[in-house]
Amino acid sequence: MVRRTGGAIADVSDEEVVDSMRLLALTEGVFGETAGGVTLGVLRRLLADGRLDPEAETVIINSGDGLKTLDVVAAAVDLPVPIRPTLEAFTEKFSTSREAVS
């Protein structure tokens, strides 16, 4: 199907997946799961290899949440310490952080 439609296929390393997940989070505010990292990583690879037109509109889909695959990024990021799921705990955590920054 890929050859018949003029498409392209690529793969990326685990490091490129995590790097692409980080890029997606930093530039778009999206914490995607590994499938999103693979999708963005392959897009980056195809662009770098000149197999996609950088001027063409390209849409990639990320339908999963990064919380489903925390183990993949745990070594690459500092995960925050969980808090109780209450407004009081939230206010306490972020009021303290705000004062420390001020």
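From the N terminus on, the elements of the chain run α-α-α-α-α. The chain has five helices and zero strands; helices (H or I, at least four residues) and strands (E, at least two) are DSSP runs, numbered from the N terminus. The radius of gyration, taken over C-alpha atoms, is 18 Å, well over the 13 Å that the globule rule gives for 102 residues, so the chain is more spread out than a compact globule. That rule is 2.2 Å times the number of residues to the power 0.38.

This is a predicted model, in which local features need pLDDT of at least 70 and side-chain atom pairs count only at pLDDT 80 or more, while totals for chains, interfaces and linings use all residues. Residues are numbered from 1 along each chain as its sequence is written, and side-chain values use heavy atoms, with hydrogens and water left out.

Buried means under 20% relative accessible area (1.4 Å probe, protein chains only).

Helix H3 (residues 34-48) has 15 residues and reaches 21 Å from its first C-alpha to its last, close to the 21 Å expected; the expected span is 1.5 Å times one less than the number of residues. The buried residues of H3 are Gly36, Gly37, Leu40, Gly41, Val42, Leu43 and Leu46. These buried residues pack against helix H2 (14-28), where contact means heavy atoms within 4.5 Å. Just after H3, glycine 50 takes a positive phi of about 75°.

Methods: Buried < 20%, exposed > 50% of the residue type's maximum accessible area, 1.4 Å probe, protein only.
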